[in-house]
Amino acid sequence: MGRSIAGRLQCKAPEPGWLASRSVSAAGPEQAAPSPSTGTPGEALPKQRWVRFEECSNFRDLGGYPAGEGRQTKWGLVFRSGLLHRFTEADLLAFGELGIKAVFDLRSTGERQQGPSPVASVHLPLAEEMATYELMGIFTVSGRREAEEAVVGLYLSNLHRRASVLGDLFTRLCEPTNLPALFHCTAGKDRTGLAAALLLSALGTDRDTVIADYALSGDVPTPDADAFRPALLSAGVPADAIDVFFGAHPDLMARALAELDEQYGGPLQYLLGPAGLKPATLDALRELLTEPAGMSQAAG
């Protein structure tokens, strides 16, 4: 399988330099991603990222990404998405065909009450209830730059305050009885994006591809954005700041991960430190969730 986690800790993470114009497919960040807006609900196209539903626009397979040492992440084992509570009957049938055994809901208690999950799920709140100062920060930004600082601040706050939740998630993903698995939040962008970035990093995916996966969430509409945008504009939030809040700008994830590098030495050290994982757990994740490159494709 290649080097253990202990051996890989000696490797320096790639620099996060990233061009926003690049997108990612199964083969890496150089190829264009497919559009999620057409096709049959539940269809996971061969060697492509999106799983299409009628009422869930940001549902993706984390398979097919390079995982270092000639390996890739396995298709059909870990999915990421936004909210599920608007699933149609066709969506529920299609979801069932994916064979998902465990759903991990990263939303807060309040979000779960407002939008109950249509499928059984484990509650792992990555942000239980946002602190007042964070919410106030969103409504008082004066422009794009302050909005970017607010988003990065939220990401770092989640990483610092909810490390044990991420550790719990990864421990559960290490259980074969929980696979295939899905983790999700509301938009499938911020909390889910953090979890996906850490997971891919732990599996050996290079930094540019990790950031590109995050940026794919910008290719689909944020749930209820059309309803929230007028309210935010009325509250005095500038339009360019709103674009930041509803987007998935690669530089923001790059900055959050760079801060993780600075404070902890990188994602692996963060997971082994504040998140409380053992080296054997990360090695087991890599064994379960990766395979020699080219062995499999997504189900058609």
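**Aromatic contacts**

Guide: One aromatic cluster is formed by Phe53, Phe59, Phe79, Phe87 and Phe95. The model is predicted, so local features need pLDDT of at least 70 and side-chain atom pairs count only at pLDDT 80 or more, while totals for chains, interfaces and linings use all residues. Residues are numbered from 1 along each chain as its sequence is written, and side-chain values use heavy atoms, with hydrogens and water left out.

Visitor: What describes a pair of aromatic rings?

Guide: The distance of the centres and the angle of the planes describe such a pair. Rings of Phe, Tyr and Trp (its six-membered ring) pair if their centres lie within 6.5 Å; planes under 30 degrees apart count as stacked, over 60 as edge-to-face and the rest as tilted. This rule gives 7 aromatic pairs. One of them is the tilted pair of phenylalanine 53 and phenylalanine 59, at 4.8 Å centre to centre with 55° between the planes.

Visitor: Are phenylalanine 53 and phenylalanine 59 buried or exposed?

Guide: Both are buried (under 20% relative accessible area, with exposed over 50% and partly exposed in between, for a 1.4 Å probe and protein chains only). Phenylalanine 59 also forms an edge-to-face pair with phenylalanine 95, at 6.3 Å centre to centre and 85° between the planes.

Visitor: Which charged end sits over the ring of tryptophan 50?

Guide: That of arginine 60, 5.3 Å from the ring centre. The criterion is NZ of Lys or CZ of Arg within 6 Å of the ring centre and within 35 degrees of the ring normal. Arginine 49 likewise lies over the face of tyrosine 65, at 3.8 Å from the ring centre.
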